[in-house]
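Open the model in your viewer and keep the selection tool at hand. This tour goes from one stop to the next and says what to select.

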Amino acid sequence: MGKTLFEKIWDRHVVTDLPGGDTLLYIDRHLVHEVTSPQAFEGLRLAGRTVRRPDLTFATMDHNVPTDADRLNVKDPISKAQIEALERNCAEFGVTLYGLTDTRQGIVHIIGPELGITVPGLTMVCGDSHTSTHGAFGTLAFGIGTSEVEHVLATQTLRQKKPRTFRVEYTGRLQPGATSKDMILKLIGLISTAGGTGYVLEYCGEAVRALSMEARMTICNMSIEAGARAGLIAPDDTTFEFIAREDRPFAPHGEAFEKAVADWRGLPSDADAVFDRTLTIDASEIAPQVTWGTNPGMVVDVTGCVPEPHEVPGHSAGDVRMALEYMGLKPRTPITDIPLDTVFLGSCTNARIEDLRNAAGILKDRKVANGVRLIVVPGSQQVRKQAEAEGLDRVFRDAGGEWRFAGCSMCLGMNPDQLKPGERCASTSNRNFEGRQGKGGRTHLVSPEMAAAAAVEGRFVDIRAWMKENAYAAVS
Amino acid sequence: MQPFRSHRGIVALLDRANVDTDQIIPKQFLKSIARTGFGKSLFFDWRYLEDGASPNPEFSLNAPRYAGASVLVTRNNFGCGSSREHAVWAISQYGFKAVIAPWEDRNGVRVPGFADIFRNNSVKNGLLTIELSADEVQQIFDWTERQVGLEATIDLEEQRVVLHLDEAEEAFPFEIDPAVKDHLVRGLDDIALTLEHADAIAAYEARSS
Ligand code: SF4
């Protein structure tokens, strides 16, 4: 019997089997950020332990950092203490840090691939649930808690129970205007935010193969929103071309790259590999998605309406009522009637260069609607630089948007960028949880294209119809 | 970590599904670089009124009948979302020793009651997560609503939850991963255990470099 991509990676990384059925798994790359690491470094210090492989450990700061022009001056004393703790810890334990002043600083899941830290066939972890993003390269990447961060720092391994496998096939091609964000939101709507718990998802099929690496990362990023810790996409020429492109200091080069590619070509799941679960989705039927509730599974086609409490699969009527009350929405309201105050273009889900290009394509020579605030936050300083070289920053500014520096920004509002109570936001991020973007803030998750069009119109529009009316051809 | 064998305490109810870690401990409390002090911020946005200090009378855990509760019973998919271990620290430091949530049957597929990373983080901190069937959890909800101050004994060694009802005792057996049980019962330090395999790790590194 053949093996799945997941099994091939897993088997390569078994250090030893542990009593009780767990596996001691070797970890090839460990990413670290300021929020989930201080207690782990402190634990090492208290126990007199060291970082086993500082050469495989990479740190950056993203969650706390301000994204305005005055960002080096971190005014919140507690955020500042956390940033300084990371600087101290990295210096003391010999870990490479992409700090605030570094030209390669950015959201941890965006800089990993940019720097060539992320390549196929690895095991990667980070004290952050969206580590699943890196699975787009055919690498087993998952989020861990702080105790596990400390464990990896000390031992370069993790004690893990083998997850099950879940294959999601997207047949056909996406319609113009529909994106990989809609593919993953559609899936979460179908299986709910718990449907992937205990599984590693593997996304495959014609629609997935046709996606760029940026778009693939968006899908894998939100695997955790389906409950799965990891999502995988088999590496192919698109993957190898991305790795060979641009300056990726940690990726293999020259002959080593050729050798690596030969190995990576053997990673995809064998034709006769068996998955524990499978699901097929026709990508050509996926409409742009908009969330209406307080978890990513509360989602509907843009052509749909806010549901009645009793008609949401996987949710009790009581839970839906609470969500609608929080969101300030009435059942049967058409999604395209929902007005917006804020549009946030950013986060590790959708703040790569292609996302910004797609959004800029829609905003070019247009203005943000009256009363709407648009914030554009590139995912890394590198993305920012590239966007400026292409003049995208001017498009956003001319449209009336704010052009920021890299960071998590309003994805979780741990920094100064937050929604005010009652404010309603179209967001390209990944979580519409209560209070996530600011206490009392109301989040609707959408693709960058949908967010940009919503900024122009001041309410949600079906981007497919909008593109026709505006004689607009999608860039990608 | 303290070994966990058996615990008896008051049961408290939180009647919500998909409780995410942003709710369990909102982001502003993640800035601390300490491992303690999170209990008072547990469920912050639900628990306190606008001023962030007065208890919200609508929130179930603020009910006087749940004062001193140490067994939390809630709905499915508890702890979803972010990997923040602060969520587990907050629950433990508030005083909970165990959380009970239902697994769900969806068209023959068993969907776990707890999100993966949350469950892992719980184990590392000696917080027991117990899955019962949806009917059993509903039963505990009904009994707890009826009997003020209802207590439960969580017997990890015997793998059962015993509800001390006025009229009788009712017990529900639960399943648990043997590795997790062993870890909790013995209160082990994972890193020390793994370092016993230092030779195997070094051999792996030699093999794969
Ligand atoms: S952008 Fe949002 S989801 Fe991504 S790492 Fe930052 S806070 Fe987490």
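**Stop 1: a strand and its partners**

Select Glu202(A): it stands opposite Leu232(A) in strand E11(A). This is a predicted model, where local features need pLDDT of at least 70, side-chain atom pairs count only at pLDDT 80 or more, and totals for chains, interfaces and linings use all residues. Residues are numbered from 1 along each chain as its sequence is written, chains are lettered from A and ligands numbered from 1 in the order in which they are written, and side-chain values use heavy atoms, with hydrogens and water left out.

Now show E11(A), residues 230-232, beside E10(A). The two run parallel, joined by three bridges. Strands count as paired if DSSP finds at least two bridges between them. Strands (E, at least two residues) and helices (H or I, at least four) are DSSP runs, numbered from the N terminus.

Colour E10(A), residues 199-204. Is this strand mostly covered or mostly uncovered? Mostly covered: six of its six residues are buried. Buried means under 20% relative accessible area, with a 1.4 Å probe and protein chains only. In a regular strand the side chains alternate between the two faces of the sheet. Show Tyr199(A), Leu201(A) and Tyr203(A) on one side of E10(A), then Val200(A), Glu202(A) and Cys204(A) on the other. Both faces are covered.

Pick Phe166(A) to find the residue opposite Leu201(A).

**Stop 2: two crossing helices**

Select H8(A), residues 213-221, and H9(A), residues 237-244. Their axes, lines fitted to C-alpha atoms over the stretch in contact, come within 10 Å and cross at roughly 110°. H8(A) and H9(A) are therefore roughly perpendicular (65 to 115 degrees). Show Met213(A), Glu214(A), Arg216(A) and Met217(A) in H8(A). They meet Thr238(A), Thr239(A) and Phe242(A) in H9(A). Contact means heavy atoms within 4.5 Å.

**Stop 3: a five-stranded sheet**

Select the open sheet with strand order E5-E4-E3-E6-E7 in chain A. Its pairing is parallel. The edge strands are E5(A), 96-98, and E7(A), 140-143. Finish on E3(A), residues 29-32, and E4(A), residues 57-60, which pair over three bridges. Pick Leu31(A): its bridge partner in E4(A) is Phe58(A).

Terms used
Buried < 20%, exposed > 50% of the residue type's maximum accessible area, 1.4 Å probe, protein only. Axes fitted to C-alpha atoms, helices over the stretch in contact; angles between N-to-C directions. Parallel < 35°, antiparallel > 145°, perpendicular 65-115°, else oblique.
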